[in-house]
Protein chains: 2
Amino acid sequence: MPQTPKAGTPPHVSPLAPGVIPDVPPIEGVRIATAAAGIKYPGRTDLLLMVFDEPAAVAGVFTTSRCASAPVDVCRRNLSVGRARALVVNSGNANAFTGKRGKESTRLTAEAAAKAVDCSPEEVFLASTGVIGEPLDQSKFVGLLDDLAGEAKADRWRSAADAIMTTDTFPKLLSRTVSIDGVPVTLNGIAKGAGMIAPDMATMLSFIATDAPIAAPALQSMLVEAVAPSFNSTTVDGDTSTSDTLLFFATGRAQARGCAPAVDASDPRLAEFRSALNGLCLDLARQIARDGEGARKEIVVTVAGAVSDYSAKRIAMSIANSPLVKTAVAGEDANWGRVVMAVGKAGEEADRDRLKIFFGDVRVAVDGERDPDYAESVAAAAMKRDTIEIRVDIGLGDGRWTVYTCDLTKDYVAINGDYRS
Amino acid sequence: MPQTPKAGTPPHVSPLAPGVIPDVPPIEGVRIATAAAGIKYPGRTDLLLMVFDEPAAVAGVFTTSRCASAPVDVCRRNLSVGRARALVVNSGNANAFTGKRGKESTRLTAEAAAKAVDCSPEEVFLASTGVIGEPLDQSKFVGLLDDLAGEAKADRWRSAADAIMTTDTFPKLLSRTVSIDGVPVTLNGIAKGAGMIAPDMATMLSFIATDAPIAAPALQSMLVEAVAPSFNSTTVDGDTSTSDTLLFFATGRAQARGCAPAVDASDPRLAEFRSALNGLCLDLARQIARDGEGARKEIVVTVAGAVSDYSAKRIAMSIANSPLVKTAVAGEDANWGRVVMAVGKAGEEADRDRLKIFFGDVRVAVDGERDPDYAESVAAAAMKRDTIEIRVDIGLGDGRWTVYTCDLTKDYVAINGDYRS
């Protein structure tokens, strides 16, 4: 094997990274501290503590894996309480498939965090990302939580985004400010992704917080809605992690500034907020695709004209997960024949002789054959862009969906062929 | 992009190729001719004509793609006649997604072949493999068929296997001789694969012929049975081609040597024959996996203890198609955490805390965590082999299935990132 990059030291930053990593303002009621606990690599931050000084409302969505990690089990259980006082995240070890020791590790971590912020363990949320199957030695970091709780500060969202990275090449964070009842409220989000990214969550962690006063059931409802076209429509390699976690916290501090609490997701005052949440989730999800392991190009696949939205999504995912489509994009090859293949294998209703396929604005195929006006040079030019839009019209109905992914390069193989060493 | 190999000139032979390409004897009643028609690359054979001097019984199975190629449509239609006098195969162009022109091309090819061997076009079977979506110009080769029919010879199975290759790095051919009623009969098979290999057939062509006198319905029944654990349990990249075709011809010439015709697949005289057919299909299918694009290692995934065979196959396929599992094997990394991930994402019944996972003979995980006796060095040694056996015991039932695939290397990306150029 040739030299391969280490998970701890990405050799480059994705060419699709944002030009500037944005500044993110504080969220009232949220304090943050990070540490380098040496969980896997020495000298890089791998521990995040987020403290909610007053109990925050909390919502969450998780991996669909049948082999979910121990921290996912904990979060699912604690969501029924619906109140958060602390979030502890470590990178470097996923605490997944670690059996009884894994459960014990989450119990000890939650107890230590509860003691550090003076709450019950049921108000502590946990997430872990990294290698699967190796016992997580919580003794490396539980002793740090007391000090971290004391020193946590509001203006540390950037360090939070840094601490949760694994093979990510850039930190992913974002902020939106909107108003409810004329009162400005802020939404901050961070995320990490890279490999094992697939529909229905991925090796993906994301944490969103707001100072808006919104009850947990309303948060949950808005979150589920926001996730469908964003995180759950993103795929890097079709592999679904055991650890996917998206948590959404609302501290409610804006209430002190005159924002009346919202208890129902259908509250019309939430329109702008909901739209900001949707946009934030989509932006974070696309950043994850754009930082897929080895990614050089983002691929946006839109399928229209399917018999249903569900069918459109299944076809779009079939295209987005096709190694042959992804390698063609890596090679800047407008190889729409492979798109036909991926439509065909999706198992959804499709009629070869009605398909239309576009790369960017270039229609390459129509009525079951190559577009008579097709010019390879024009398509080749479209393939030079950073973001490649593949659009397919099935020609049978109104179903429509968009999915986000990246190309498949030799760097993906290099990164994953030597991830553990 | 670095230098990439061309489809026409594979840079190396798979390290998993057989040491010696076997000699294959003639099948009575089958004559073969090949030509270099320049369909895509000059100077390599890309046209195969197989002639059955007397009508042969024929059976076939095909791609499940909703966008099947024009030649697949033709074969499906002609199977209802159940008689074959000629097979015409070209490599370099799949004649898939080529609309009306594609149909016209198959019509003209079948007519030319029918004229060359003096039969009806319904007795001509066609297969094409190569690029999708580019019109196939049959005028490049239909003029050759007359001469080919005249010069075809029985002892040319090796040239037949060569002529159908695309990105294959070695020809795949095989022969078995067994007896029916004490009369020796022979089964020959050739195949091509490489990329777009997935369950329920693949960019895979395979042609099997025998001199045994077996009626078409019995052939079909035995073929369907033989395909399930072999070709339909093989995957390279999860991509299903538009063109997968497996045809099985029986010339019946052994009847003249005293072998009574078999009309029913359950005929007990066929036991040895059936077993040879199953073995031949499995061997050819494994050769395809071992010659997957960029393959350096064969991976044999066996799932046992699932709630049903179907469930076992779905889990095995999830493992076999996981880019993270395949890149780990490429890196000789016994990363069983990724196997857990792939079990979890399959969506089939599984209990994290009952799983057992083996790499070769090394049990790496048991009861939901790493095997207490696990030693990285022992597992690492198991990963050095050419064939990596991954065994998973789900611990819930009696369902069992085995799937064959290969690792995912940078060469796969290189080959497919520049396939068309």
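How are helix 11 of chain A and helix 11 of chain B oriented to each other, roughly parallel or roughly antiparallel? In this predicted model, local features need pLDDT of at least 70 and side-chain atom pairs count only at pLDDT 80 or more, while totals for chains, interfaces and linings use all residues. Residues are numbered from 1 along each chain as its sequence is written, chains are lettered from A in the order in which they are written, and side-chain values use heavy atoms, with hydrogens and water left out.

Start with the two helices (DSSP runs of H or I, at least four residues, numbered from the N terminus). Helix 11 of chain A packs against helix 11 (residues 410–417) of chain B at an angle of about 170 degrees, with the axes 8 Å apart; axes are lines fitted to C-alpha atoms over the stretch in contact, and angles run from 0 to 180 degrees between N-to-C directions. The pair is therefore roughly antiparallel, a label for angles over 145 degrees. Lys410, Val413 and Ala414 of each chain make the contact, with contact meaning heavy atoms within 4.5 Å.

Now the whole interface. Here 69 residues of chain A are in contact with 70 residues of chain B. There are six salt bridges between chain A and chain B, where a side-chain nitrogen of Lys or Arg lies within 4 Å of a carboxyl oxygen of Asp or Glu. Arg101(B) and Glu369(A) meet in a salt bridge at 3.3 Å, N to O. On the side of chain A that touches chain B, helix 9 of chain A gives the most, with eight residues.

Technical notes: Parallel < 35°, antiparallel > 145°, perpendicular 65-115°, else oblique.
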